[in-house]
Each structure stands twice: as structure tokens, then as C-alpha cells.
Amino acid sequence: MEPEKMRPIKEPSADPASVCCATCHRDETWTYGHPIRGRAKSRSLSASPALGSTKEFRRTRSLHGPCPVTTFGPKACVLQNPQTIMHIQDPARQRLTWNKSPKSVLVIKKIRDASLLQPFKELCTYLMEENNMIVYVEKKVLEDPAIVSDENFGPVKKKFCTFREDYDDISNQIDFIICLGGDGTLLYASSLFQGSVPPVMAFHLGSLGFLTPFNFENFQDQVTQVIEGNAAVVLRSRLKVRVVKELRGRKTTVHNGLGESSVPAPGLHAEVGKRAVQYQVLNEVVIDRGPSSYLSNVDVYLDGHLITTVQGDGVIVSTPTGSTAYAAAAGASMIHPNVPAIMITPICPHSLSFRPIVVPAGVELKIMLSPEARNTAWVSFDGRKRQEIRHGDSISITTSCYPVPSICVQDPVSDWFESLAQCLHWNVRKKQAHFPDEDGEDG
């Protein structure tokens with residue numbers, strides 16, 4: 001395989017194209033059919049060959065994952081290291097910087113949790129009155145009776161900019177994001193941005209908090225540091241998932257020109273009679289047997305080659321971030337977010353030898369119902385958008401160019417091991433006693 005040619009580092013730019021290597025520019029393009037010869041710089045992946053096809057699958061990109069876009073929202077980017085020769089940086093030294101001072105912030109609050117009302121009010125008041133920032137919140141957050149009835153919070157509430165999920169596109173209006181709650185708030189923030197994601201600062205006010213490293217006690221100092229650009233950041237890779245379904249006379253609901261995943265409503269698939277929808281997934285894609293009592297029976301292809309058939313309750317395809325979620329409960333290893341990889345984990349497989357595996361981040365997985373399957377399957381994306389998969393439908397999965405820039409308390413390595421110890425009690429065991437001294441025994 002010919003090695004990829006990397007561009008030398010240039011000055012930080014708001015143009016995403018300026019921070020991509022030559023071989024992965026426009027990497028978010030999906031192609032169908034056989035690749036066109038002569039397009040040396042294209043890394044688009046061709047579709048998997050049809051079942052029973054004898055045509056050879058030709059690789060069109062390397063095993064390495066796509067270079068992540070390091071501009072986040074309209075104003076933020078990763079501070080470039082002038083000593084770096086290639087685009088790839090040391091993940092432990094990634095720092096957040098701003099092209100311009102941030103002016104707008106999206107505050108995401110866990111719904112139906114009365115304990116978060118006071119922190120939410122304090123944070124929003126601080127952002128508006130002390131930092132003169134524009135604060136965006138979801139409309140249903142302000143419909144909480146406790147907020148509606150609070151007269152003291154009224155003047156602040158009138159300054160909010162509101163939006164509705166699946167109706168309003170705010171992707172180009174947010175400079176950074178603050179989450180109040182548990183890990184679910186970070187997953188929700190990821191789902192709102194199907195392209196470039198602004199930096200995310202997550203406060204631990206939920207139950208587990210593996211992805212929310214900040215404590216709220218001294219939030220003023222921590223928020224100020226982020227606004228000043230003094231923070232480490234870890235780029236949490238996401239999965240780009242494309243679901244292709246056969247049209248079966250069922251209409252798809254579209255609001256304000258947006259589909260289910262807050263991206264422009266897709267048109268017909270290149271193949272006649274099919275429709276495609278794309279998702280960005282932070283944790284995992286789960287394919288399971290749903291309400292059926294039969295085993296699920298799905299074929300898994302890697303770069304067009306059938307690698308296995310999963311017979312069991314289902315299969316989990318996860319990012320390194322998702323390796324500590326459902327995949328860990330199913331017996332998979334835990335992977336640091338900076339490792340470029342995709343994990344495949346079976347759910348209760350009817351086999352004694354089916355172990356979880358890790359594949360390179362740059363491959364394309366394709367999952368379909370096996371021809372011998374007795375029932376349909378169901379798929380969900382970070383626990384949302386659950387839908388049925390029938391014969392003829394397919395799910396294509398690869399690493400996305402758009403990671404989630406998660407702001408660290410200390411650094412990516414320290415924060416991750418701190419979460420393992422505090423949240424999952426990793427390797428907690430009573431220590432073994434040492435042998436007594438031999439001299440003491442003789443005495």
C-alpha cells in the first residue's frame with residue numbers, strides 16, 4: 001500500500017480543508033459501485049460487493065482513520081504545535097485555543113431533575129451577566145414549572161435563545177457547549193451536531209459521570225479558563241453510520257427540511273427503491289433481536305469481505321469512548337479515547353469462541369440480516385433513533401471526520417484513569433499481605 005502523503009502544518013485556520021491531510025480531504029463523501037481509476041487522492045470507500053459477487057474489492061484508503069477536523073464550531077480549534085512536522089499531533093499535548101473570543105454558549109441540562117435547577121440558574125446568570133454571552137437552551141428546559149414560577153429568574157430567562165431538536169439548526173451559531181448532568185447530556189450534545197462539534201465542557205451532576213469530569217463547586221474559575229483558551233482537550237472519535245433501507249410504501253416524517261438526525265432530509269439512494277439516512281454516533285451502534293424470541297442472525301462485512309455471522313442477542317459496534325459503556329458490560333476491553341479503533345462486541349453469542357475484537361479505525365463495516373435469519377433485527381444509535389432492520393436493508397459504519405472535543409480537567413490520560421477508578425472502581429481489591437521477615441521467625 002502506498003503511504004499517505006501528509007501536508008506540513010500551517011497556521012491555524014477556520015477553514016476545515018486547511019487542517020486535513022491530502023488523502024482524506026472531503027473524506028465524508030460516500031461512494032457506491034466500483035471506484036473510478038485515476039482518482040489518486042480519493043479515500044471514499046466503495047460499497048460492499050453484492051452477495052455472491054466474485055469481483056475483487058479494491059481498497060481506496062489506508063487502515064488509518066480519517067484525519068479529524070480540528071475546527072470546532074465557528075470559532076474554536078486545536079492549538080497547533082509549531083514543532084510538529086506532520087498533521088498528527090501528540091494527543092497528550094492537545095490544547096484548546098480560540099480564533100476569536102467565544103460569544104455564544106449552549107447549555108444542556110438534564111431534564112426532569114429538580115436538583116439541577118439551582119446550578120442551571122447560577123451558571124446561566126454568570127454567563128450572561130459576568131461574561132456578556134449569548135446563552136442557548138432547548139425550549140422544553142424553560143417549560144419546567146420551577147423555572148416558570150421563579151420571578152427572580154425572569155429577567156435572565158427573557159435573554160435566552162431557544163431551539164427545538166429536529167426543527168432548528170444551531171450548528172453554526174454555537175461557540176462551545178456546557179453540559180449539566182450525567183453522561184447522557186454529552187451524548188445528547190453530540191447528536192445535535194452532525195458535522196463539526198463545538199468544544200464540550202461537562203459538569204458531573206448525574207449518576208455515573210464517566211464522561212463528565214468537572215465538579216460544579218468552583219465553576220466560575222473553570223469556565224473562565226475555558227473562555228480564555230487555557231484547557232486540555234481530548235478528541236473523542238465518532239462513528240459515521242449510514243442506514244440504507246428499501247422503500248416499502250412508508251412515508252418519512254420531515255420537519256422544516258430536516259430528517260430524524262437533524263441533517264438535511266436525504267433523497268433516494270443511488271440504487272432504485274432505496275433510501276439512506278446518516279447518523280453521527282459517539283458511543284455505539286447496537287443491533288439486537290428486538291422483541292423476537294429467536295436468535296438474531298446478522299452478517300458482518302469488513303471492507304466488502306464477510307468476516308463472520310453473529311448468532312445471539314446481537315452485536316455492538318463501538319468507539320473507544322463507547323468501550324466503557326454497553327460494550328464493557330458485554331465483556332469487551334476498555335480502550336482509551338485517543339486510540340484510533342472500532343470495537344466489535346457480540347451480545348450473548350451462541351458460541352464459546354466469539355470474543356470481542358478491535359479493528360482499525362479506517363475500515364468500513366457493513367451489517368445486514370443474514371439470508372437465513374428467521375426474524376428482523378433492530379438498531380439504535382447511542383440509545384436513540386431505534387428502528388427495525390429488514391432483509392435488504394444495510395448499516396454501513398466507519399470512523400467519522402468529526403470528533404467530539406471534550407475539555408479535560410487535567411489531561412486526557414489522567415482524566416481517563418481517574419474516571420476508571422472513581423466511576424467503575426477499576427481493579428479495586430484488598431491488597432495481599434507480605435510474608436513476615438525471616439529474621440523475625442528465627443527469633
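**View 1. Strand E4 pairs with strand E7 in the parallel sense.** Five bridges join E4 to strand E7 (residues 176-181) in this predicted model, where two strands pair if DSSP finds at least two bridges between them, and valine 107 stands opposite isoleucine 178 in E7. Strands (E, at least two residues) and helices (H or I, at least four) are DSSP runs, numbered from the N terminus. The model is predicted, local features need pLDDT of at least 70, and side-chain atom pairs count only at pLDDT 80 or more, whereas totals for chains, interfaces and linings use all residues. Residues are numbered from 1 along each chain as its sequence is written, and side-chain values use heavy atoms, with hydrogens and water left out.

**View 2. Strand E4 is largely enclosed by the rest of the structure, because six of its six residues are buried.** Buried means under 20% relative accessible area, exposed over 50% and partly exposed in between, with a 1.4 Å probe and protein chains only. Ser104, Leu106 and Ile108 point one way from E4, while Val105, Val107 and Lys109 point the other way. In a regular strand the side chains alternate between the two faces of the sheet.

**View 3. E4, helix H1 (residues 117-130) and E5 make a right-handed β-α-β unit.** A crossover is right-handed if, with the strands pointing away from the viewer, the path from the first strand over the helix to the second runs clockwise. E4 and strand E5 (residues 134-138) pair in the parallel sense over three bridges, and leucine 106 stands opposite tyrosine 136 in E5.

**View 4. The largest nonpolar core has 38 residues.** Such a core is a set of buried Ala, Val, Leu, Ile, Met, Phe, Trp, Tyr and Cys residues joined through side-chain atoms within 4.5 Å. Val107, Phe120, Leu127, Phe160, Ile178 and Val223 touch the most other members, and the largest share of this core, seven residues, comes from H1. Apart from it lies another core, of 29 residues, including Val243, Val281, Val359 and Ile389.

**View 5. Valine 379, in strand E18 (residues 377-381), counts as buried because its relative accessibility is 0%.** Leaving aside neighbours within four places in sequence, valine 379 is in contact (heavy atoms within 4.5 Å) with Val285, Val286, Ile287, Lys385, Arg386, Gln387, Ile389 and Ile395. Valine 379 and valine 285 are 94 residues apart in sequence, yet their C-alpha atoms are 7.0 Å apart in space.
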